[in-house]
Amino acid sequence: MSETLVSVQDMKVHFPIKRGVFMDRTVGYVYAVDGVDLEIKRGETYGLVGESGCGKSTLGRAMLRLNEPTAGKMVFDGQDFSALKGEELRKMRRRIQMVFQDPLSSLDPRQSVESILIEGLRAHGLDKGKESTNKRLRELLTAVGLPTTALRKYPHEFSGGQRQRIGIARALALEPDLIVADEPVSALDVSVQAQVVNLMEQLQEQFGLTYLVIAHDLAVVKHISDRVGVMYLGGLVEEASSEDLYAEPLHPYTRALLSAIPVPDPVVEDRRERILLAGDLPSPANPPSGCRFHTRCPWRQETKCDTDRPVLRELKPGHKVACHWAEQIQSGEIKPHEVKPILVEEGDGLSPDVPLVGPASVTEALNP
Amino acid sequence: MALLEVRDLTVVFQRRGEEPFRAVDGVSFDVEPGQTVGLVGESGCGKSVTSLAIMGLLPKRGATVTGTVTYDGTDLLKLSDKQMRDKRGSELGMVFQDPLSSLNPVIPIGIQVTEVLERHRGLARKEAMIEAKNLLDKVGIPDPNRRLKEYPHQLSGGMRQRALIAIALACRPKLLIADEPTTALDVTIQAQILSLMKELVQDLGTALVMITHDLGVVAGLCDEVNVLYGGKVVEKANRHPLFAEPRHPYTHGLLSSIPRLDAAPGEKLTPIKGSVADNIPWAQGCAFAPRCPNALDVCVQVTPAEEDQLGRLLRCHNPVVPGTPAAEEVPV
């Protein structure tokens with residue numbers, strides 16, 4: 001149980017911002033993921049939460065090498081996954097499968113369920129004769145709670161929840177060790193959400209799976225995960241077991257996030273104190289200096305916050321936080337103060353240190 | 001008399017060659033000034049269609065709206081298009097779910113805010129601009145002078161929603177209908193917008209109809225809650241009794257299928273079995289019966305009537321007894 005299955009070391013994904021038509025000049029980078037370290041143990045569920053644009057999906061995709069990371073590596077079951085190439089990489093991919101957010105757009109509308117499920121088996125040489133394959137397909141459908149008559153049907157014939165079950169069956173087909181689920185339930189209605197969450201928990205027990213669940217809904221993540229990592233603007237700000245994180249959030253951002261989530265109970269809602277964050281998420285193309293959160297942090301201090309980027313440090317066993325003042329905030333030594341919202345530049349969000357020279361489009365190039 | 005009285009509102013969509021579809025089926029509720037009434041339900045339960053019907057925004061062809069919507073003594077459904085246009089924007093405000101698609105992408109924010117002021121309050125452009133600046137200020141948009149000149153794509157999601165609220169509030173409407181105003185936003189931004197709406201209701205005495213699928217939002221904001229299922233209100237109660245003791249099996253099921261942030265570790269979720277596709281028509285009994293753990297034989301034979309039970313309106317033959325745990329584990 002405590003054996004490490006996945007270890008991500010200093011993962012960075014920077015997307016270049018290109019300008020120009022004839023010569024692609026890179027004028028800046030979107031720092032989607034900017035130095036993340038994390039470890040996932042075999043058999044556990046690791047939850048990655050954060051708001052849109054914090055880089056959680058990009059991190060998940062970079063781990064699977066669906067986007068090539070700019071720097072850093074991922075070690076999977078003792079092997080350096082980032083260094084694998086060609087056939088070796090393809091073979092390794094069998095062991096890491098993904099479940100996507102939108103089940104309709106991640107299933108080919110022109111493929112029957114049978115063909116969707118069999119495709120992976122064939123690609124990895126697991127299709128050993130008609131009889132054994134048919135047996136395997138029936139097993140899979142039973143495991144995810146679909147009738148065997150589903151094999152001949154097409155994705156549009158199913159409801160949202162059932163489609164997500166097909167997506168899960170496709171991931172399960174190859175007997176993976178790790179399943180990366182990117183927002184697996186956010187497209188579903190609440191009553192159906194719970195069905196899929198329970199199914200994932202049951203399958204984990206049954207097949208000894210390891211999950212990386214990426215979601216924006218902290219309540220879902222808390223429910224399903226053993227450990228949770230909170231991301232803000234490309235970096236992890238806090239990591240703890242899901243109970244500790246809820247009982248004792250240490251990072252100001254986690255506190256604000258937890259206090260912002262509505263609880264379906266008026267008694268709790270009336271008593272709760274909200275920490276309202278000022279303003280919006282800064283652009284990842286031009287992230288704030290020092291601590292990424294300092295522009296919105298109600299506990300911001302005069303020193304360190306805007307100059308030094310805090311590293312993730314272990315404050316208590318198993319509870320890591322990236323904040324210079326976590327102890328003082330925890331003990332109540334530092335009091336929150338009001339924050340004025342700072343204007344967030346939308347649009348291309350180019351960093352000001354890169355001068356814009358040369359044509360930006362064909363028309364500009366032709367009519368200087 | 002209440003500010004808005006909706007009685008027996010029914011919307012039937014009719015397409016040629018197809019069975020008529022009753023999207024909203026006899027919905028009734030009242031809204032008092034300064035009160036917040038919630039309409040909750042999952043996708044397809046008719047909550048958005050209800051709001052569109054009240055605002056008179058449904059197409060004339062294909063959609064038949066019956067019942068009465070009495071606002072301040074006048075039946076909105078009987079007004080002509082022109083009379084309705086005078087009401088919308090001035091007395092009735094609406095905030096939509098997706099701010100990017102409800103703002104005009106090629107017109108600056110300032111013009112879109114002043115448009116309402118010029119049309120309904122007869123202000124000149126210059127005066128309207130000053131008023132628009134105050135409005136943006138009030139909804140918490142920093143640097144409003146600059147923002148007025150910008151286009152919707154230059155604003156973030158939260159800003160756009162604030163601009164939309166500013167437009168809806170421009171003429172200080174007595175009634176505001178918010179259709180999933182925070183669904184497209186992140187939780188921290190959602191908290192900002194919800195606290196803004198709460199303030200507005202308290203300060204201006206606006207009546208608010210809040211349409212949402214998020215029971216958490218309802219718990220913190222609404223005085224009265226209407227739970228919709230299949231186009232009918234199945235349970236109507238004040239928020240405290242509703243959340244403390246949900247009596248309709250659907251409300252009960254919804255509440256036990258949401259993972260709660262303050263739940264004990266290891267607590268299991270109890271989903272509602274099946275999906276809305278399993279519904280039976282209300283004419284044949286209770287639409288929820290095929291998914292209901294409490295279903296009796298009578299549920300698929302007789303349509304349950306809306307009855308006053310224990311201080312709340314309930315549409316159920318076999319309500320949940322308070323204190324019972326969630327229904328048995330549904331096999332996956």
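1. Buried here means under 20% relative accessible area, exposed over 50%, and partly exposed in between, with a 1.4 Å probe and protein chains only. Helices (H or I, at least four residues) and strands (E, at least two) are DSSP runs, numbered from the N terminus. With those terms set, helix H3 of chain A, residues 113-123, has these buried residues: Val113(A), Glu114(A), Ile116(A), Leu117(A), Ile118(A) and Leu121(A).

2. On conventions: the model is predicted, local features need pLDDT of at least 70, side-chain atom pairs count only at pLDDT 80 or more, and totals for chains, interfaces and linings use all residues. Residues are numbered from 1 along each chain as its sequence is written, chains are lettered from A and ligands numbered from 1 in the order in which they are written, and side-chain values use heavy atoms, with hydrogens and water left out.

3. What covers the buried residues of H3(A)? The cover includes helix H4 (130-143) and helix H5 (160-172) of chain A. Contact means heavy atoms within 4.5 Å. Just after H3(A) comes Gly125(A), with a positive phi of about 65°.

4. Two packed helices are described by the angle between their axes and the distance between the axes. Axes are lines fitted to C-alpha atoms, for helices over the stretch in contact; angles run from 0 to 180 degrees between N-to-C directions. For H3(A) and H5(A), the axes come within 8 Å and cross at roughly 25°. Angles under 35 degrees count as roughly parallel, over 145 as roughly antiparallel, 65 to 115 as roughly perpendicular, and the rest as oblique. H3(A) and H5(A) are therefore roughly parallel to each other.

5. The crossing of H3(A) and H5(A) is right-handed. A crossing is right-handed if the near helix is turned clockwise from the far one by less than a right angle, and left-handed if anticlockwise. Which residues meet? From H3(A) come Val113(A), Ile116(A) and Leu117(A); from H5(A), Ile166(A), Ala169(A) and Arg170(A). By class, this contact of H3(A) with H5(A) has 5 nonpolar, no polar and 1 charged residues. Ala, Val, Leu, Ile, Met, Phe, Trp, Tyr, Cys and Pro count as nonpolar, Asp, Glu, Lys and Arg as charged, and the others, Gly among them, as polar.

6. Chain B has a helix pair to check too. Helix H7 (residues 157-169) and helix H8 (residues 187-204) of chain B have axes that come within 10 Å and cross at roughly 15°. H7(B) and H8(B) are therefore roughly parallel to each other, and their crossing is right-handed. On the H7(B) side sit Gly158(B), Gln161(B), Arg162(B), Ile165(B) and Leu169(B). They meet Ile189(B), Gln192(B), Ile193(B), Leu196(B), Met197(B) and Leu200(B) in H8(B). The residues of this contact divide into 7 nonpolar, 3 polar and 1 charged.

7. Now the rings. Rings of Phe, Tyr and Trp (its six-membered ring) pair if their centres lie within 6.5 Å; planes under 30 degrees apart count as stacked, over 60 as edge-to-face, and the rest as tilted. The count comes to 7 aromatic pairs over all chains. One of them is Tyr232(A) with Tyr253(A), tilted, at 4.6 Å centre to centre and 55° between the planes. Tyr232(A) is in strand S9 (residues 227-232) of chain A and Tyr253(A) in helix H9 (residues 252-260) of chain A, so the pair links parts 21 residues apart. Tyr232(A) is buried at 1% relative accessibility, and Tyr253(A) is buried at 0%.

8. In chain B, the rings of Tyr229(B) and Phe288(B) have centres 5.1 Å apart and planes at 75°, so the pair is edge-to-face. Tyr229(B) lies in strand S9 (residues 224-229) of chain B and Phe288(B) in the loop between helix H11 (249-257) and strand S11 (307-309) of chain B, so the pair ties together parts 59 residues apart in sequence. Tyr229(B) is buried, with a relative accessible area of 1%; Phe288(B) is buried, also at 1%.

9. Most residues other than glycine have a negative phi. Glu183(A) has a positive phi of about 50° although it is not a glycine. Glu183(A) lies in the loop between strand S7 (178-182) and helix H6 (190-207) of chain A, and is buried at 8%. Glu180(B) also has a positive phi of about 50°. Its place is the loop between strand S7 (175-179) and H8 of chain B. Glu180(B) counts as buried at 7% relative accessibility.
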